[in-house]
Amino acid sequence: MAAPVQSPLTEVSAPQREMDALPILNDSCAFATSCRLQMVHSGHSVTATLRSATASGLVLRIAKDDHSDELYPHALCCVAFPHRASLCAFLGCLLEIRNGDETGREVVVAVPQRLVVTNLRKSFRIPVVSGSELRVVLKLADQPSWRVTAENIAETGIEVDFPTDRDVPTLPLGTVVEVELHFRQEQLRLTASVRRQQGRQCGLLFVAATGEEAQHQTERLHGIVLSLQQLWLKSRLQ
């Protein structure tokens with residue numbers, strides 16, 4: 001996997017290291033930190049909350065409507081979560097799925113001795129790994145749409161590649177385009193402005209939505225980026 005690249009849109013500081021798991025997990029559980037739990041065999045992922053951690057297991061709380069019926073005991077899973085200015089991840093075995101109530105259910109994941117920890121600045125872009133299933137389409141008024149390849153993504157923007165030189169349109173700085181993100185069952189339409197174009201590469205800065213749509217868009221984009229972070233971290237763990 002290629003190392004993250006620096007662009008005019010972002011600052012990158014992502015040295016990877018390993019740290020003791022339990023102190024970080026206990027600290028994160030105290031703040032009920034959100035995480036992403038992904039099954040390695042199927043790629044199915046859900047959002048969860050860190051509840052408690054001991055040497056015998058990490059307890060996660062999953063909301064009732066988050067398809068936890070697709071989780072299986074003894075399956076290998078990846079857990080990724082933010083901790084202060086870092087992103088942490090580990091691979092573990094799903095030990096137990098507990099009976100739920102009207103609000104959700106709990107699962108227990110085996111805790112490793114060490115976590116992979118990557119320092120992230122606020123605008124760090126996640127490299128989009130091959131096979132992530134992320135599809136990106138750019139649209140400009142009165143022109144055909146372009147299917148492009150995402151190189152890296154953040155909640156603030158995305159860097160894409162056009163497939164061939166002859167497919168590259170002229171996009172002056174500041175040009176406003178519509179970006180469609182298709183990821184698994186999610187489809188999200190965003191507005192973005194062109195911040196950089198060099199050859200087939202184009203850097204886009206997302207334009208924040210306003211009104212009632214703003215929070216919904218932010219949450220959906222956050223979910224997509226978090227899932228892509230997890231795929232990237234899993235590729236570094238292998």
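What follows is a short tour of a pocket, a set of paired strands and one asparagine. Keep in mind that this is a predicted model.

Let's start with the pocket. The largest pocket has a volume of about 780 Å³. Its lining is made up of 30 residues, and those nearest the centre are Arg36, Ser45, Arg184, Gln185 and Ser227. Strand E2 (34–39), strand E3 (45–54) and helix H2 (213–237) each bring at least two residues to that lining. H2 gives the most, with seven residues. Sorted by class, the lining of the largest pocket holds seven nonpolar, 13 polar and ten charged residues.

Next come the strands. E3 forms a hairpin with E4, with two residues between them. E4 also pairs with strand E7 (residues 104–109). Here are the two pairings side by side:

| Strands | Bridges | Direction | A bridge pair |
|---|---|---|---|
| E3 and E4 | six bridges | antiparallel | alanine 53 and leucine 58 |
| E4 and E7 | six bridges | antiparallel | valine 59 and valine 108 |

Is strand E4 (residues 57–63) enclosed or open? Six of its seven residues are buried, so E4 is largely enclosed by the rest of the structure.

Last stop: asparagine 152, which sits in strand E11 (residues 146–153). Why does asparagine 152 count as buried? Its relative accessible area is 7%, and buried means under 20%. The side chain of asparagine 152 also makes a polar contact of 3.0 Å with the side chain of glutamate 159.

Key
Residues are numbered from 1 along each chain as its sequence is written. This is a predicted model: local features need pLDDT of at least 70, side-chain atom pairs count only at pLDDT 80 or more; totals for chains, interfaces and linings use all residues. Side-chain values use heavy atoms; hydrogens and water are left out. On a 1 Å grid over the protein atoms alone, a cavity is a set of points where a 1.4 Å probe fits but cannot get out, and a pocket is an open set with protein on both sides within 12 Å along at least five of seven lines; lining residues have an atom within 4 Å of a point. Grid points are joined across faces, edges and corners, and a volume is the space filled by probe spheres set on the points. Helices (H or I, at least four residues) and strands (E, at least two) are DSSP runs, numbered from the N terminus. Ala, Val, Leu, Ile, Met, Phe, Trp, Tyr, Cys and Pro count as nonpolar, Asp, Glu, Lys and Arg as charged, and the others, Gly among them, as polar. Buried means under 20% relative accessible area, exposed over 50%, partly exposed in between (1.4 Å probe, protein chains only). A polar contact is a pair of N or O atoms within 3.5 Å; within protein, one must be able to donate a hydrogen and the other to accept it, and residues adjacent in sequence count only if both atoms are side-chain atoms. Two strands pair if DSSP finds at least two bridges between them.
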